[in-house]
Amino acid sequence: MKVLVVGSGGREHALAWRLAQSPRVQTVYVAPGNGGTALDPALKNLPLAKIDELADFAAAEKIALTVVGPEVPLAAGIVDLFRARGLRIFGPTKAAAQLESSKAFAKEFMQRHGIPTALYASFTDAAEAHAHVEKHGAPIVIKADGLAAGKGVVVATTLAEAHAAIDDMLGTNTLGVAHVGGQARVVIEEFMEGEEASFIVASDGANVVALATSQDHKRIGEGDTGPNTGGMGAYSPAPVVTPNVHARVMQEIVQPTIAGMAREGTPFTGFLYAGLMIDAQGRPRTVEFNCRLGDPEAQVLLARLKSDLFDLLAHGADGTLDRAELQWDRRVALGVVMAAAGYPAKPRAGDAISGVPAATEDLQVFHAGTALKDGQLVTSGGRVLCVTALGDSVRIAQQRALAAVRGIRFAGAQWRNDIGHRAIRH
């Protein structure tokens, strides 16, 4: 069978890499792909990005299944278009993808369905937003309502930071947020104490299969300092998600979300990612929803997945996820992101990359912001590589990943040496 993966990042490289290992899959196309997918003889890059062109290609080439990695084509309605043309695709419709594409929609949905989350208010008027912050004080969380490549959230520890974030999100928009309905809006939330975890499930609209747990590291600097990024590394499993927490997340967050979306006429198919905050008492609350596999969580999850990924996605697209069973490698997977000079504010492109090690049984380098230029691998985006290792403990996986990271060279490379520090501390 032929399979199409839509996207160009590390998550898409990981999806394509795992799909190529399925005995049922003959060819994996990646659109548009990156330097890493171009170098892999098992994958074929496809220089297409427009959703109608992708649908034409899938129809002409008799693609058996399409899976969508990033949020932008989902929010643009790629799933609706493919389904209207009778093409098999795994992902949420444009209406269902509002759980990610609009923070205000997601918060209102959670409120309607009694799903635990932070108290919030949303504003289009800057003066009202500033007054709200003055009244409630810091720390406080300011979120842009719209897609911002994972960077539209400011955890303000001071009032000055909060006011600056409001001015940016409702005015200058240096983050380049895609405003919902052309209207700039901010969602302001209470600050939640606790430990974060990523809880990702596959859904066919009615049935749900939970993936292994993971934890992302959002901030650029060691010790979780500095500005938020799309994610500087991840590991799986996450010890903070105990069996008790897992049961509560399924019962209090995931099942009510899937049931609520179906009741409201927008059944959710695809990967649903609940970003969690788990307090000292083990109570989970929802920080945000994403309508896709996380990145870099996908890289560590797919490194651990032993089952056939094609089967899982096909069951998801066909409404038969109740027949899917997942098996996981008992080892820990840990991924360290290597980011470009200037990331996250102004990543530099065009730096030559060398020293990327060949894959082994316990090490895989997933490409994200890379391109091939005259046969030379160069940086082409903010997050360049995710060096992913397996090990019998978090510390062993961390050491294995970092040893590989230190051998990879490109000018201005940034990475964190402490990915997985919370699990090591446990």
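Guide: Two residues are said to touch, or to be in contact, when heavy atoms of theirs lie within 4.5 Å. By that rule I78 touches V6, I51, L54, V68, P73 and I89, if we do not count residues up to four places away in sequence. Before we go on, note that this is a predicted model, in which local features need pLDDT of at least 70 and side-chain atom pairs count only at pLDDT 80 or more, while totals for chains, interfaces and linings use all residues. Residues are numbered from 1 along each chain as its sequence is written, and side-chain values use heavy atoms, with hydrogens and water left out.

I78 and L99 have the most contacts inside the largest nonpolar core, which has 47 residues. Such a core is a set of buried Ala, Val, Leu, Ile, Met, Phe, Trp, Tyr and Cys residues joined through side-chain atoms within 4.5 Å, where buried means under 20% relative accessible area, exposed over 50% and partly exposed in between, with a 1.4 Å probe and protein chains only. Among the elements that each supply at least two residues of this core are strand 1 (2-7), helix 3 (51-60), helix 5 (78-84) and helix 7 (103-112); helices (H or I, at least four residues) and strands (E, at least two) are DSSP runs, numbered from the N terminus. Helix 10 gives the most to this core, with 7 residues. Apart from this core lies another, of 35 residues, including Y273, L301, L309 and A314.

Two residues in loops are also covered. I63, in the loop between helix 3 and strand 4 (65-68), is buried at 9% relative accessibility, and, neighbours up to four places away aside, touches K2, V3, L4, Y29, F57 and A58. T93, in the loop between strand 5 (89-90) and helix 6 (98-101), is buried with a relative accessible area of 14%, and beyond its neighbours within four places in sequence is in contact with L74, V79, D80 and R83.

Helix 7 is mostly covered as well, with 7 of its 10 residues buried, and they are K103, A104, F105, A106, K107, F109 and M110. What covers them includes helix 6, strand 6 (120-123) and helix 10. Just after helix 7, G114 takes a positive phi of about 65°.

Finally, consider how helix 1 packs. Helix 1 (residues 10-19) and helix 12 (residues 309-318) pack at an angle of about 105°, with their axes 8 Å apart; axes are lines fitted to C-alpha atoms, for helices over the stretch in contact, and angles run from 0 to 180 degrees between N-to-C directions. This angle makes helix 1 roughly perpendicular to helix 12, since 65 to 115 degrees counts as roughly perpendicular, under 35 as roughly parallel, over 145 as roughly antiparallel and the rest as oblique. L15, R18 and L19 in helix 1 meet L309, F310 and L313 in helix 12.

The axes of helix 1 and helix 11 (residues 297-304) also come within 8 Å, but cross at roughly 15°, and these two helices are therefore roughly parallel to each other. Helix 1 brings G10, R11, A14, L15, W17 and R18 to that contact, and helix 11 brings A298, Q299, L302 and A303.
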